[in-house]
Amino acid sequence: MKHRTLGTGMALLTATAVGALALAPAATAVEPTTATLSFDCGSFGSGEASLTATQDGTAATITLSTSAITSPFPLSANSVRSTLTLTKNGSGTTTFSGSANPAIPAGGAVSTGPLTGTVAAGDSLEATSLTVVVFGITATCNATSPQNPGPFVF
């Protein structure tokens with residue numbers, strides 16, 4: 001009798017575990033995960049930018065590196081404040097922002113991120129502008145090309 005009770009208990013536990021896995025939400029993913037575009041940053045320069053996006057539920061991050069802005073002097077880690085503005089679903093806008101960056105040597109291209117933002121399933125986001133603030137100096141960059149291969153779809 002004890003073996004039958006143990007066997008029945010294990011069967012119920014296994015069925016519950018399998019059921020819980022079946023009901024767990026599927027992992028979300030952004031496509032594409034990387035994209036490029038060009039920025040014009042006025043007197044700070046112009047050039048290509050590379051964007052990398054990740055998603056965890058409704059939280060998303062974008063890391064950006066651009067040759068459009070180079071630093072005239074070394075910058076310590078986490079000293080660049082950036083805001084990336086993106087067109088959301090073709091009409092509205094959303095922003096991703098943050099103050100994370102690696103150390104940047106004098107003459108080095110600006111890398112910033114992860115910049116954080118919130119997304120919903122199906123959001124389509126395409127970068128339109130970037131604002132970078134270093135030591136109180138603001139550089140505003142405007143996209144001069146569409147994202148390639150296309151918008152991030154979450």
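Modeller: A disulfide joins Cys41 to Cys141, with 2.0 Å from S to S. This is a predicted model, in which local features need pLDDT of at least 70 and side-chain atom pairs count only at pLDDT 80 or more, while totals for chains, interfaces and linings use all residues. Residues are numbered from 1 along each chain as its sequence is written, and side-chain values use heavy atoms, with hydrogens and water left out.

Biologist: Why is the link of Cys41 to Cys141 called a disulfide?

Modeller: The term requires a pair of cysteine sulfur atoms within 2.5 Å; the S to S value here is 2.0 Å, so the pair qualifies. The search of the whole structure finds one disulfide.

Biologist: Which parts does the pair of Cys41 and Cys141 tie together?

Modeller: Cys41 lies in the loop between β1 (34–40) and β2 (46–56) and Cys141 in strand β8 (residues 137–143), so parts 100 residues apart in sequence are tied together. Strands here are DSSP runs of E with at least two residues, numbered from the N terminus.

Biologist: What makes the pair of Phe73 and Phe135 tilted?

Modeller: Rings of Phe, Tyr and Trp (its six-membered ring) pair if their centres lie within 6.5 Å, and planes under 30 degrees apart count as stacked, over 60 as edge-to-face and the rest as tilted. The centres of Phe73 and Phe135 are 5.7 Å apart and their planes are at 35°, so this pair is tilted.

Biologist: Why does Phe73 count as partly exposed, and how do you know that Phe135 is exposed?

Modeller: Buried means under 20% relative accessible area, exposed over 50%, and partly exposed in between (1.4 Å probe, protein chains only). Phe73 has 35%, so Phe73 is partly exposed, whereas Phe135 has 58% and is therefore exposed.

Terms used. Helices (H or I, at least four residues) and strands (E, at least two) are DSSP runs, numbered from the N terminus.
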